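Let's take a friendly walk through this model, one topic at a time. Have the sequence and the 3D view open as you read.

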Amino acid sequence: MALKIVTPKLIVNHLVLVGSRKNYEVNFKEGLNIIYGDSDTGKSSILNLINYCLGSNKVDFYDEIEITGKYCLLEVALRGIVYTIKRDIFKPNNEIEVYKCPHIEINNFFPKYYSPNYVQNSEDGFFSDFLLSSINIPIIKLKEAPSRADSKLIRLSFRDLFKYNYLDQDKIGSKKIFGDNQPYLVKLRETFKLMYNVLDSQILELVKIIGEKIVLKNELEKKNKSVSSFLKETEVDSLKDLTFKLDSIEEEYNAIIFELKNIDKEIIKDSTDLDNLRTDIQYIESEISEISQDLIVNQQEIRQNISLRNEYSNDIRKVIATLEVIDKFPRREDSQINCPVCEQSMNISKLKEHFTNSNATSIKGELNGLRRRKKEIEKIYDVLKESIENKEYQIKTKASELEELRYLLDKQSINIVSPFINRRDALSSRSGSLDSDRKNLKHFYKIRIQQSINDDEIKDLDSKINEHNETLKKLKENAPKLDDVFKDLGIKLKDFVNFVGVKNAQNVTISPKNYLPNIRNKDYEQITSGGVRTITSVGYFISLMLYASENSVNYPSFLMIDTIAKYIGKTKDKDLVETDIKEDFAEGMNDSKKYENMYRYLISLNKSSNSFQIIIVDNDIPENLTNELKPYIRKHYTVNSKIAGAEIGFINDASTFDNSKDKMKFYDNLSGEIDNEIFFDDNDDE
């Protein structure tokens, strides 16, 4: 009897970036998913965030995400079981929270805390191990140098596997599709063997893993038995009864809140008769404010008046003193005297012509002028003084009126509100009691939920143990050979490149040397046309996924491709160094049919099966296929707000926060919070 095909399944349901202004969401479905649009609208950032939530040690995003984002939620289905992964986008070394529920229900569940790398230890273990275990892929160690018997063993990470699930815009069509770190490439090839069940040590490892899962299952059963005993002794209700009680409390609580709002409306409605009183109070308050402002002005003016009056008084005293000196100074007739310096003879009358005239008559005229101006200032002072007294009296009078009106308003308000007070107090007290009961019940509800999760994990472990036993049996009876895997993958790749329309698609194989595709007997890295490399790399990754849909292997049935049409049609300036333009032209990479055929192939896959998930990001979609691709489009982003059905980027409210000063202020505030220390996982991105 043929064994059931069981492939690890990873499906992304929802991505939620929780922001400071709002949340930004993208929903996905099984099968084909397309996100397309203009440059710098956040398309690639969506894939980066998914990759980050699946354990990458860094996340690249455009400015608006950095400005508004706080943390990310990724709802995934791992072998059909829904989890929500929560991760801070600015602190990659923080523990990753995992909730066993949809993202909208995480407040009802206790999370588990996992370390994002193998450097740190966390209460619930490593995030990579959680992902591998959840999709039932063996957690093993691989030989660093497979050909050496004494080779050091290194841990397999989920990130190693995920290299075969994510073709980003830098790797697609690149000559070094997995980089050029030779030791890591050796590890990737060992990972490839594990994925397709051809690892030499896999049988022994699988026996070990089955034993570990049996131990874990026994521990969970023992733990759940203790929890059940505790809940029974403390007479905690069943999950069904707790749910019923919580719903009842919620219903009563909402009814009370509704009634309280109605009471408040009645109070407001009944108090409309007091509007005239309120209007009078507001009018008098306005009058008092206006008079007070005028009073302040008068007080400033009178201070200036007093200062000026004092100056005139000082001047008058000085003039009077001058007149007294002149009056007492001896009078002498004109006479001739000798200069004390040069001893020349000179007349006093002639000498006076060179000095100020200090005639008493003119000085008295000046004195009279000063006295007149002082009297005028004194008159102004009297007017200001009277004005200040009048305003102070008005303020006092109106303040008395205001106090009477406020007393009358308070008295009448009490008469209106009093009938409602007792009823409102009773309702408020009841709502507080219900809220307390709800919190207590919710705590026990979470415990019961956790107990239910443990039960599910026990069943899941049973299922995984059975699957491992089936895989073990199959490996023992008919272990696949690597050459057979290469042959099957080569056939699938050839079908793809032929479908797309690559010229002379001969000798399409998978190289046993580097496990990468060959075409026309050329190694992948020797292909000079960037367009041909793009088509070949896309076909290679799709072939890996298709093989998994037909065989029981350790490959998650999930694929992300960023900029699928790179080198086909338009080529960005920065990518020209990695392609031969003449070769691209000779290969017909300017033919829009190849571009269309890639999408036609994806549509045909989706129609034949949806046991996988592909997320495609591109700058555009073929115009001829707009209607056919419409069901698979999850987001369309544009910089032109007039295009119907399109959003202005992933951060679709960026225009409300686009001032450069606001951005700089945000960065300054944020800089103190970001932890710049990053531990890189040996198994993560280079």
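## A salt bridge to start with

Which side chain meets Glu 550 in a salt bridge? The partner is Lys 492, with 2.9 Å from N to O. A salt bridge here is a side-chain nitrogen of Lys or Arg within 4 Å of a carboxyl oxygen of Asp or Glu. The pair links distant parts of the chain, since Glu 550 sits in helix 12 and Lys 492 in helix 11 (residues 482-500), 58 residues apart. Helices (H or I, at least four residues) and strands (E, at least two) are DSSP runs, numbered from the N terminus.

Glu 550 counts as partly exposed because its relative accessibility is 42%, while Lys 492, at 10%, counts as buried. Buried means under 20% relative accessible area, exposed over 50%, and partly exposed in between (1.4 Å probe, protein chains only).

## How to read the model

This is a predicted model, in which local features need pLDDT of at least 70 and side-chain atom pairs count only at pLDDT 80 or more, while totals for chains, interfaces and linings use all residues. Residues are numbered from 1 along each chain as its sequence is written, and side-chain values use heavy atoms, with hydrogens and water left out.

## Other salt bridges

The structure holds 19 salt bridges. In one of them, Lys 187 pairs with Asp 160, and their closest N and O atoms are 2.9 Å apart. Lys 187 belongs to helix 5 (residues 182-195) and Asp 160 to helix 4, so this pair ties together parts that are 27 residues apart in sequence. Both Lys 187 and Asp 160 are buried.

Glu 525 and Lys 176 form another salt bridge, with the closest N and O atoms 3.4 Å apart. Glu 525 lies in the loop between strand 15 (522-523) and helix 12 (530-550), and Lys 176 in the loop between strand 10 (166-167) and helix 5, so the pair ties together parts that are 349 residues apart in sequence. Glu 525 counts as partly exposed at 36% relative accessibility, and Lys 176 counts as partly exposed at 40%. Elsewhere, salt bridges that share partners join Lys 593, Glu 596, Arg 600 and Glu 628 into one network.

Now for the strands: 6 of them form an open sheet in the order 2-1-4-5-6-7, with antiparallel pairing. Two strands pair if DSSP finds at least two bridges between them. Strand 2 (23-27) and strand 7 (112-114) stand at the edges with a single partner strand each, so one side of each is left without a neighbour in the sheet. On average, neighbouring strands of this sheet are turned by 20 degrees against each other, direction ignored.

Within the sheet, strand 5 (residues 81-88) and strand 6 (residues 96-99) run antiparallel and are joined by 3 bridges. Lys 86 has Glu 97 in strand 6 as its bridge partner.

Arg 79 is in the loop between strand 4 (69-78) and strand 5. Arg 79 has a positive phi of about 55 degrees although it is not a glycine, and at 21% relative accessibility it counts as partly exposed. Asn 504, also not a glycine, has a positive phi of about 50 degrees; its loop runs between helix 11 and strand 13 (509-510).

Ser 157 sits in the loop between strand 9 (153-155) and helix 4 (158-162). With 0% relative accessibility, Ser 157 counts as buried. Its side chain reaches the backbone nitrogen of Arg 159 at 2.9 Å.

Conventions. A polar contact is a pair of N or O atoms within 3.5 Å; within protein, one must be able to donate a hydrogen and the other to accept it, and residues adjacent in sequence count only if both atoms are side-chain atoms. Axes are lines fitted to C-alpha atoms, for helices over the stretch in contact, and angles run from 0 to 180 degrees between N-to-C directions.
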